[in-house]
Amino acid sequence: MPPEATPPAAEPAEPETLVPVEMPPDLTRLDYGLDSPSMVKTLAILGGAVLLLCFLMRGPAGASFASAPLTSLRWAGMLCLLQAGLMWWSSSSGKLQERDLMLESLEWRGDEQVLDVGCGRGLMMIGAAKRLTTGRAVGVDVWRSADLSDNWSEAVWDNARAEGVEDRIDVRDGDMRQLPFADASFDVVLSSLALTSLSKDADRRQAIDEITRVLRPDGRVALLESSGTKRYEEAFRGAGFRKVERSGYRLRIFPPARVVVAARGGAAPANAG
Ligand SMILES: C[S@@+](CC[C@H](N)C(=O)[O-])C[C@H]1O[C@@H](n2cnc3c(N)ncnc32)[C@H](O)[C@@H]1O
């Protein structure tokens, strides 16, 4: 009997190499806040209360009231509710869409130093950071809770982490009328619905002068604002910007807003649309 052949020893299994998995951004955690939260709440409560009052006063047997004052009251209630709804939709959806349109209209190299003036919870600066490679986006704000719900710097970091750009951003406390940055520090300055928060013309003018001061000689500015855009356009022209454009009304924002883009020196012009 020939000796039984012994099976060859199995080769030791190669140790499994673990490939790091890049986690996708968790967009469900994103929250850029509600603009003018007290006004939205007041309009919603007022509208609801007025319509309830109209309902209670509609008369016996469900007959609808026909007197002119009560009809006007009912319209007023519906208008309040409509305004509250439009403002809520603008903050939660319209503003994000307009942000992306505005940033897409600018040309990006990826190495820009970007400033978001009155950044709130980081809407513009995080949108810009997503377009950067070696550049950095900085947000500056005084964090007024009357202007934006849950407005504080930690909310920017939460949103930046959710978008996966926390390594490309920075946040600073500071007033836009006296920006805490050296002259000519930024390639791009962005702002949305922040200059409108300043009640005096002189303060808004000072903020525009500050934006101009911190911008590099070939830098670009893009502002999304509901009011004062004609004056900003004129101020940039007066400051020697070569290319200044003001868009038509952007109706995804309520109240409707316009975009002003301005390029200094020989920078590629941005398109305000
Ligand atoms: C309506 S919120 C808009 C926030 C953000 N840009 C956005 O679009 O989501 C206005 C922001 O301007 C900020 N702000 C108001 N006055 C300011 C000032 N003097 N300097 C810097 N930021 C200011 C408020 O704190 C608030 O975050």
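Of the 23 residues around the ligand, which come nearest? They are G118, G120, R144, A194 and S197.

## Basis of the model

The model is predicted; local features are reported only at pLDDT of at least 70 and side-chain atom pairs only at pLDDT 80 or more, while totals for chains, interfaces and linings use all residues. Residue numbers start from 1 along each chain, as its sequence is written.

## Surroundings of the ligand

A residue is near a molecule or strand if its C-beta atom, placed from the backbone, lies within 6 Å of it. The shell around the ligand divides into 11 nonpolar, 5 polar and 7 charged residues. In this division Ala, Val, Leu, Ile, Met, Phe, Trp, Tyr, Cys and Pro count as nonpolar, Asp, Glu, Lys and Arg as charged, and the others, Gly among them, as polar.

## Overall architecture

The protein chain has 6 helices and 7 strands. Helices (H or I, at least four residues) and strands (E, at least two) are DSSP runs, numbered from the N terminus. From that terminus on, the order of elements is α-α-β-α-β-α-β-β-α-β-α-β-β.

Of the 273 residues in the protein chain, 38% are buried. A residue is called buried if 20 or more other C-beta atoms lie within 10 Å of its own, exposed if 12 or fewer, and partly exposed in between, with C-beta atoms placed from the backbone. Among contacts in the protein chain with a separation of 6 or more, 71% involve residues 24 or more positions apart; two residues are in contact if their C-beta atoms, placed from the backbone, lie within 7 Å.

## Strand β1 and its partners

Strand β1 (residues 113–117) is largely enclosed by the rest of the structure, because 4 of its 5 residues are buried. β1 pairs with strand β2 (residues 136–141) in the parallel sense over 5 bridges, and D116 stands opposite G139 in β2. Between these strands the chain passes through α3, and this β-α-β crossover is right-handed, meaning that, with the strands pointing away from the viewer, the path from the first strand over the helix to the second runs clockwise.

β1 also runs parallel to β4, to which 4 bridges join it. Here L115 stands opposite V189. Strands count as paired if DSSP finds at least two bridges between them.

## Helix α2

Helix α2 covers residues 68–104 and contains W89. The helix bends by about 50° at S90, the bend being the angle between axes fitted to the seven residues ending there and the seven starting there. S90 is one of the buried residues of α2, which also include G77, C80, A84 and M87. The buried residues of α2 pack against α1 (37–56), α3 (123–129), β4 (186–192), β5 (215–225) and β7 (258–263).

W89 is partly exposed, because 14 other C-beta atoms lie within 10 Å. W89 and L34 are 55 residues apart in sequence and 9.2 Å apart in space, C-alpha to C-alpha.

## Backbone features in the loops

Most residues other than glycine have a negative phi, and most peptide bonds are trans. D150, in the loop between β2 and α4 (153–163), has a positive phi near 45°. L193, in the loop between β4 and α5 (201–214), has a positive phi near 55°. D150 counts as partly exposed because it has 15 C-beta neighbours inside 10 Å; L193 counts as buried because it has 25.

The peptide bond from F254 to P255 is cis, with omega near -5°. P255 lies in the loop between β6 (243–246) and β7.
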